[in-house]
Amino acid sequence: MLEVSGLERTLELLPYFLEVLGIGALTTIGLTGAAFVVAAVLGFCLALMRLSRNPALGLIASLYLEVFRNIPILTQLFILYFGLTYIGITLPAIGAAIIGFGLNGAAILSEVFRSSILTIDRGQSEAAFSIGMTRRMALRNIVLPQAFKVAIPGMANFAIGLLKDTSLASAAAVPELTFKARMLVSETYQTNTIYFLLAIIYLVLSLALSHWAARTERHLSIAKES
C-alpha cells in the first residue's frame with residue numbers, strides 16, 4: 001500500500017519535474033551554445049597563432065594551452081565567479097560559466113583545428129601559390145574548407161563533452177539542468193525519479209548533438225562530390 005502511494009506521488013509530481021527540468025535544459029543548451037561559440041572563435045585564433053611563422057604568437061598560444069589544459073575547469077569557474085570579486089570584478093553566474101567553459105574549451109578546440117589544418121596536403125597550398133594566391137588566400141579558399149570538414153567529428157565530441165561538463169556550473173549557482181535537479185531533490189526527496197529523468201534528458205541532448213554532427217558531415221560530403 002505504501003509502494004502504491006509512493007508511485008501515485010511520483011506520477012502526481014511528474015509534470016512538475018518535467019517543467020522544472022525543461023527550464024534547466026534550456027539553460028544548459030544556451031550555456032553550451034554560447035560557450036561553444038567562444039571556444040570555437042578563440043580556439044581557431046589560437047590554432048592560427050600556433051601555425052604562424054611568428055615565434056612570439058606561437059609561444060603565447062602554447063602558454064595559453066598549457067595553462068588552461070592543466071587547471072581543472074571547476075577551479076577556473078570558481079576563480080572567475082568568486083576570485084575576481086576580490087579585485088572588484090563581479091560576473092553574473094551564467095556569464096562566468098560561459099567565459100570559463102569558453103576559455104577552457106578554446107584550448108581543446110585549438111588542437112582540433114590545428115591538427116585538421118595540418119592534415120591537408122601541403123602540395124595544395126604550393127599549387128595555390130603557383131597560381132598567384134597569397135598565403136592568406138590559400139588558407140581561406142583551399143585549406144580551411146577542407147580542414148573544417150576534418151574537424152567536424154572532433155568539434156562534435158567536444159560539444160557533447162561540453163554539454164555534460166556544464167553540470168559543473170551548478171557549483172557556481174548557474175540554474176542549469178543539474179542545479180534544477182538538485183533543487184527538486186531537496187524539495188521533494190524523489191531522488192531516484194529525478195536523477196533518472198536527468199540522465200534521460202542528458203542522453204537525448206547528447207544523441208541529438210551526435211545526429212546533427214553526422215548529418216552535417218554527410219551533407220558536406222555530398223556537397224563536395226556534387
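In the largest pocket, α6 supplies the largest share of the lining, five residues. Keep in mind that this is a predicted model, where local features need pLDDT of at least 70, side-chain atom pairs count only at pLDDT 80 or more, and totals for chains, interfaces and linings use all residues. Residues are numbered from 1 along each chain as its sequence is written, and side-chain values use heavy atoms, with hydrogens and water left out.

Terms, quickly. A pocket is an open set of points on a 1 Å grid over the protein atoms alone, where a 1.4 Å probe fits, with protein on both sides within 12 Å along at least five of seven lines; lining residues have an atom within 4 Å of a point. Volume is the space filled by probe spheres set on the points. Helices are DSSP runs, H or I, of at least four residues, numbered from the N terminus.

Back to the largest pocket. Its volume is about 580 Å³. The lining has 16 residues, and L51, R122, S125, R135 and L139 lie nearest the centre. Two or more residues each come from α1 (2-51), α4 (93-118), α5 (122-130) and α6 (135-165). By class, the lining has nine nonpolar, two polar and five charged residues. Gly counts as polar here, and Tyr and Cys as nonpolar.

Now the second largest pocket. It holds about 230 Å³ of space. Thirteen residues line it, with T32, G33, F36, A159 and L209 nearest its centre. The elements giving two or more residues are α1, α6 and α8 (191-225). Here α8 gives the most, five residues.

What is the class make-up of this second lining? Eleven nonpolar, two polar, no charged.
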